[in-house]
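Q: I would like to go through this structure with you, one topic at a time. Could we begin once it is on the screen?
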Amino acid sequence: MSIDALKDRIPDYAKDLRLNLGSLASDISLTPQQLGGTFVASALAARNDDVTREIVEQFRDVLSEQALAAAQSANAIMGMNNIYYRFVHMAGGEYAKMPAQLRMSVIGNPGVDKADFELWCLAVSIINGCDLCVTSHEKIVRDALGAAAVQTAARIAATVHAVAVTLQGADALQN
């Protein structure tokens with residue numbers, strides 16, 4: 001099972017997603033680890049078990065155990081941070097000046113290259129829609145890897161999320 005298995009399940013009305021998923025899976029603008037980790041972190045953030053399983057299977061051979069764990073950590077820590085910092089942004093006022101008082105040590109020591117981890121945090125933050133986190137991680141990734149890497153992460157996040165919700169909707173209509 002793999003990306004091809006996902007492509008086979010995408011309905012014809014969403015064939016653009018099938019094409020985008022295929023081309024992004026073989027993108028050469030990122031290293032294999034960056035690409036695989038971005039896909040895995042995005043799949044986890046998209047919250048579709050089938051999509052997550054197929055994407056992990058696709059990239060299992062290019063991700064070390066540490067890289068796979070780091071992609072999972074990016075999803076976990078951003079799952080918390082995206083909610084907290086979205087609150088801070090929406091509420092405004094004094095909250096932006098207050099310390100978060102939330103443990104985030106994995107950001108400082110993710111077990112992989114910092115730029116790769118930031119790329120994965122960016123993809124998760126794009127899916128979760130946190131303006132402050134997207135802005136913060138985008139700058140770090142752009143400075144470290146360039147604007148093309150930022151755009152590729154956004155394209156992967158958008159496509160994986162769209163595939164996840166499309167398959168979930170298609171499954172719901174069949175049952």
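Q: Which residues make the nonpolar surface patch of about 270 Å²?
A: In this predicted model, that patch is made by Phe87, Tyr95 and Met98.

Q: Where is tyrosine 95 placed?
A: Tyrosine 95 sits in the loop that runs between α5 (65-91) and α6 (105-108).

Q: And is tyrosine 95 buried, exposed or partly exposed?
A: Tyrosine 95 counts as partly exposed, because its relative accessibility is 35% and that class lies between the limits of 20% and 50%.

Q: New topic: which residues does the UniProt annotation "active site" cover?
A: According to the UniProt record, an unreviewed entry, the "active site" annotation covers Cys130 and Cys133.

Q: Where does each of them lie, starting with cysteine 130?
A: Cysteine 130 is in the loop between α7 (114-128) and α8 (131-145), whereas cysteine 133 is in helix α8.

Q: Is cysteine 130 buried or exposed?
A: Cysteine 130 is buried, with a relative accessible area of 1%. Cysteine 133 is buried as well, at a relative accessible area of 6%. Both are classed this way because buried means under 20%.

Q: What does cysteine 130 touch?
A: Not counting residues up to four places away in sequence, cysteine 130 touches Asn82, Tyr85, Arg86 and Ser125.

Q: And which residues are in contact with cysteine 133?
A: With neighbours within four places in sequence left aside, cysteine 133 is in contact with Met78, Asn81, Asn82, Tyr85 and Ser125. Asn82, Tyr85 and Ser125 are therefore among the contacts of both cysteines.

Note on methods: Residues numbered from 1 in each chain as written. Predicted model: local features only at pLDDT ≥ 70, side-chain atom pairs only at ≥ 80, totals over all residues. Heavy atoms only, no water. UniProt positions renumbered as here; feature names shortened; annotations may be inferred. Helix = DSSP H or I, 4+ residues; strand = E, 2+ residues; numbered from the N terminus. Buried < 20%, exposed > 50% of the residue type's maximum accessible area, 1.4 Å probe, protein only. Contact = heavy atoms within 4.5 Å. Patch = residues over 30% accessible without salt bridge, like charges linked within 9 Å, V, L, I, M, F, W, Y side chains within 5 Å. Areas by Shrake-Rupley, 256 points an atom, 1.4 Å probe, with all protein chains shown as cover. Salt bridge = Lys/Arg side-chain N within 4 Å of Asp/Glu carboxyl O.
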